[in-house]
Amino acid sequence: MSASSLVGLPSNEPTTMITCTRRLEWDALHRIPKHESRCRAFHGHRYAAELTCAAERLDDLGRIIDFGVIKERVGAWIDAHWDHTAILMRGDPEAEALADANERLGKPVYWLDGHPTAEHIVEELARVSTELLKADGVRVIAVRLWETPNCSAEWVADGLPSLPSISLPSAALPSASLPSASLPSASLPPSNSDS
Ligand SMILES: [Zn+2]
């Protein structure tokens, strides 16, 4: 096997890392209890996560994993636990009434041990999605969570080469297929006042 046929395996030899990325979106409410200003208040976001996966080898069809399987595994978990409910800090003194209501209404809130910042939520999604995709022989190597169109946090698996290897070399990727999120933010209209 030539080094260039390895998929997703960091090595000392020059290799090409092929990854695939699935975007998943949901609506949820949160608040940051000790935030210095308005993020202390309950408010909602259209969250978007980009899960980047790698595998030891491509399957017979030439895939790391079918994009639909990522949606079945991780998207279903998000729908069940995070969509149309709240992601809140355990022990949040303001959350009790809201939690009771959502429990009664069939959408229990999801509790995190820390403040539900984008960083903590992406860390939780990385943990969960790693477990959910393990049986498919897929390794989640990066997760980016967009809290607003302008603000995101990224989790990257330990032991990976530097970040640019997560993307294909730009020469190999038609620029038209680059996600708009990777464009410099200066070229995007200011669409959210959160940032
Ligand atoms: Zn927020």
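1. The crossing of helices α1 and α3 is right-handed in this predicted model. The two helices pack with their axes 9 Å apart and at an angle of about 140°, and they are therefore oblique to each other, given that an angle has to be over 145 degrees to count as roughly antiparallel.

2. On the α1 side, the contact is made by R73, V74 and W77, which meet V128, S129, L132 and L133 of α3. Sorted by class, the residues in this contact of α1 with α3 are five nonpolar, one polar and one charged.

3. The largest nonpolar core has 33 residues, and those with the most contacts inside it are L51, C53, V143 and L145. At least two residues of this core come from each of the strands β1 (20–30), β2 (43–55), β3 (85–89) and β5 (138–148), and likewise from each of the helices α1 (67–81) and α3 (118–134). Strand β5 provides the largest share of the core, namely seven residues.

4. For L145, one of the residues with the most contacts inside the core, the partners are Y47, A49, A118, I121, V122, L125, S152 and A153, with residues up to four places away in sequence left out of the list.

5. Helix α2, which spans residues 96–104, is hardly covered, since none of its nine residues counts as buried. Just after α2, the backbone at G106 takes a positive phi of about 90°.

Technical notes. Residues numbered from 1 in each chain as written. Predicted model: local features only at pLDDT ≥ 70, side-chain atom pairs only at ≥ 80, totals over all residues. Buried ≥ 20, exposed ≤ 12 C-beta atoms within 10 Å, placed from the backbone. Helix = DSSP H or I, 4+ residues; strand = E, 2+ residues; numbered from the N terminus. Core = buried A, V, L, I, M, F, W, Y, C linked by C-beta atoms within 7 Å. Contact = placed C-beta atoms within 7 Å. Axes fitted to C-alpha atoms, helices over the stretch in contact; angles between N-to-C directions. Parallel < 35°, antiparallel > 145°, perpendicular 65-115°, else oblique. Left-handed = near helix turned anticlockwise from the far one by under 90°. Nonpolar A, V, L, I, M, F, W, Y, C, P; charged D, E, K, R; others polar.
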